[in-house]
Amino acid sequence: MKKMSIFIAMLVSLTMLFSLSACKNDNDTGTTPPEQYPYTVTFNTKGGSAVEPKNIEVVLYSPTSIKENHILEGWYFDEKLTVPVEFPLSVDSSFTVYAKWKETLQSMTARFEEFMQEKENKIEKTKTDNSLNFSYEYSIQTIGKAIHYIWKETYDSSTNDNTYIQTRYFNIRFDFGDLTTGYGTASYSMRTNSGYCYSYYDFSSIEQIGNIYRMDLNNTGYTNSGLDVSEKDAQNKLQSNFDLVFMDLKQEFTSLGVYSYILDYNYSYYNVNN
């Protein structure tokens, strides 16, 4: 029995030795690794933490990256961030994709508060176009986490023989980054040689409908003498002017370096690269 065990042990040893020799003869460095996938996806994180390139046929999930005070919104095929990547992503060539970031609301709030402190907590602007007899003025103040915004637009073509003055006025407060929390008052007035019209409103909220905003105007006073301007006409004039007001403010904030985030953090006009 003992001789049989010795014989079996020797047989097993010889078999293993033969197997190892065969492997070494086939490849002196060991077994041949699988062939690497020929195409590579490179991830440009645009300031975020690094993401390793991927040499695979399909990238199943969006890779994660971290950037201080920012949220990763997705990946794009172009550096201008106009063509989004959808996952799973098939890889049939080598290419680079780019990260799109959005600054956090907390970071933007702090940045805006610092900006306002440098402006002594108030921004004022006036503009006059003599060729159009047009002028407007506005002021912005911060009150805690809220924005207090006053806008007045006047069109005045009065002469010695004729009087025509039209004014739209808004007094709004809203939380930083969310215009839909807005509430306040608005008014429309027109005065000519023929008569006058005054219409006053308050509102408790602002609704976003597609790419525009609408105030839930509640008429608190309407007076008309000699003019063909209904209360509905006055309301429509305020609503249409409301959009123009914020288009101008977006441009103004961008030029000041604080951008349009303060109007609506979730709206599509933010510029993530600034």
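Met108 is buried, with a relative accessible area of 3%; buried means under 20% relative accessible area, exposed over 50%, and partly exposed in between, using a 1.4 Å probe and protein chains only. Met108 sits in helix α2. This is a predicted model: local features need pLDDT of at least 70, side-chain atom pairs count only at pLDDT 80 or more, and totals for chains, interfaces and linings use all residues. Residues are numbered from 1 along each chain as its sequence is written, and side-chain values use heavy atoms, with hydrogens and water left out.

**Around Met108**

- Contact means heavy atoms within 4.5 Å.
- Met108 is in contact with Glu103, Phe176, Tyr261 and Tyr265, leaving aside neighbours within four places in sequence.
- Met108 and Phe176 are 68 residues apart in sequence. Their C-alpha atoms are 9.2 Å apart in space.

**Whole chain**

- The protein chain has three helices and 14 strands. Helices (H or I, at least four residues) and strands (E, at least two) are DSSP runs, numbered from the N terminus.
- Of the 274 residues in the protein chain, 35% are buried.
- Take the contacts in the protein chain with a separation of 6 or more: residues 24 or more positions apart account for 50% of them.
- The accessible surface of the protein chain comes to about 16,800 Å². Carbon and sulfur atoms hold 51% of that surface. Accessible areas come from the Shrake-Rupley method with a 1.4 Å probe; for residues, only the protein chains shown count as cover.

**Nonpolar cores**

- A nonpolar core is a set of buried Ala, Val, Leu, Ile, Met, Phe, Trp, Tyr and Cys residues joined through side-chain atoms within 4.5 Å.
- The largest nonpolar core has 39 residues. Tyr149, Phe170, Ile172 and Phe246 have the most contacts inside it.
- Elements that each supply at least two residues of this core are α2 (105-118), β7, β8 (146-156), β9 (164-175), β10 (178-192), β11 (195-203), β13 (212-215) and α3 (231-256).
- Helix α3 gives the largest share of this core, seven residues.
- Phe246 touches Tyr149, Ile172, Leu179 and Leu263, not counting residues up to four places away in sequence.
- A second, separate core has eleven residues, including Val59, Val91, Val97 and Ala99.

**Strand pairing**

- Strands of a sheet pair through backbone hydrogen bonds, either parallel or antiparallel. Here two strands pair if DSSP finds at least two bridges between them.
- An open sheet of three strands runs in the order β1-β5-β3, with mixed pairing. Its edge strands are β1 (41-44) and β3 (70-76), and each pairs on one side only.
- Neighbouring strands of this sheet are turned by 30° against each other on average, direction ignored. Axes are lines fitted to C-alpha atoms, for helices over the stretch in contact, and angles run from 0 to 180 degrees between N-to-C directions.
- Strand β3 and strand β5 (residues 95-103) run antiparallel and are joined by six bridges. Tyr76 stands opposite Tyr98 in β5.
- Strand β6 (residues 122-129) pairs with strand β7 (residues 134-143) in the antiparallel sense, over eight bridges. Thr128 stands opposite Ser135 in β7.
- β6 and β7 form a hairpin with four residues between them. Asn133 in the turn has a positive phi of about 55°.

**Salt bridges**

- The whole structure holds four salt bridges. A salt bridge is a side-chain nitrogen of Lys or Arg within 4 Å of a carboxyl oxygen of Asp or Glu.
- Arg168 and Glu153 meet through their side chains at 2.8 Å, N to O. Arg168 lies in strand β9 and Glu153 in strand β8, so the pair ties together parts that are 15 residues apart in sequence.
- Arg168 is buried at 11% relative accessible area, and Glu153 is buried at 10%.
- Asp243 and Arg214 form a salt bridge at 3.2 Å, N to O. The pair links distant parts of the chain, with Asp243 in helix α3 and Arg214 in strand β13, 29 residues apart.
- Arg214 counts as partly exposed, at 26% relative accessibility.
- Lys122 and Glu124 form a salt bridge at 3.3 Å, N to O. Lys122 is partly exposed at 35% relative accessible area, whereas Glu124 is exposed at 60%.

**Ser189**

- Ser189 is in strand β10. Ser189 counts as buried at 18% relative accessibility.
- Ser189 is in contact with Ile165, Gln166, Thr167, Cys197 and Tyr198, leaving aside neighbours within four places in sequence.
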